Amino acid sequence: MERFAWMGRIKPGMEAEYKRRHDEIWPEMVELLKSAGIANYTIWSDGDLLFGYYEGEKGIEFAEKTQAGSPIVDRWNVYMEDVLDLVMDPVTGAQPKLKQMFLME
C-alpha cells in the first residue's frame, strides 16, 4: 500500500458547491476509484485550500494509470472546472504528488 497526497484550491465563492458535488459523487466515479485500488480517500479544507489523501492498495502508479485512462475521470474533471483550481501533472494526468515529510504508524 502506498500513500498519495495532493493539494488544490476551491474557486472563490464555490465552497458550498464543491461540497455538494462531493456529497453527490457519481456512483460510477466511486467504482472507478475503487477499481484503481484507492481506499481511505479523504479531502479536507481550510477555507479555499484543499488537502486530499488516499491510499493506493495496488500502488500509486496503478491508481494514476487507471484514472488517466478513464472517460469517467475526464468527465468529472470537466464537471469540476468551474469550482476547482488544480495543477495536473501532464505525465500522470493526476495531481502532483506531495513529498512525505513525516509518518507515525
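Me: Why is Ile43 called partly exposed?

Reply: Ile43 has 29% relative accessibility. Buried means under 20% relative accessible area, exposed over 50%, and partly exposed in between (1.4 Å probe, protein chains only). Ile43 therefore counts as partly exposed. The model is predicted, so local features need pLDDT of at least 70, side-chain atom pairs count only at pLDDT 80 or more, and totals for chains, interfaces and linings use all residues. Residues are numbered from 1 along each chain as its sequence is written, and side-chain values use heavy atoms, with hydrogens and water left out.

Me: Where does Ile43 lie, and with which residues is Ile43 in contact?

Reply: Ile43 belongs to strand β2; strands (E, at least two residues) and helices (H or I, at least four) are DSSP runs, numbered from the N terminus. Contact means heavy atoms within 4.5 Å. Leaving aside neighbours within four places in sequence, Ile43 is in contact with Trp6, Tyr18, His22, Leu50, Phe51 and Gly52.

Me: What makes β2 an edge strand?

Reply: The open sheet has 4 strands in the order β2-β3-β1-β4, with antiparallel pairing. The edge strands, β2 (38–46) and β4 (84–85), each pair on one side only. Two strands pair if DSSP finds at least two bridges between them. For β2 and β3 there are 7 bridges, in the antiparallel sense, and Ile38 has Gly56 in β3 as its bridge partner.

Me: Why is Phe51 called partly exposed?

Reply: Phe51, in strand β3 (residues 49–56), has 33% relative accessibility and therefore counts as partly exposed.

Me: Is Arg21 buried or exposed, and why?

Reply: Arg21, in helix α1 (residues 15–23), has 7% relative accessibility and so counts as buried. Not counting residues up to four places away in sequence, Arg21 touches Trp76, Tyr79, Met80, Asp82 and Val83.

Me: What makes the pairing of Arg21 and Glu17 side chains a polar contact?

Reply: A polar contact is a pair of N or O atoms within 3.5 Å; within protein, one must be able to donate a hydrogen and the other to accept it, and residues adjacent in sequence count only if both atoms are side-chain atoms. The contact between these side chains of Arg21 and Glu17 is 2.7 Å. A polar atom of the Arg21 side chain also lies 2.3 Å from the backbone oxygen of Tyr79.
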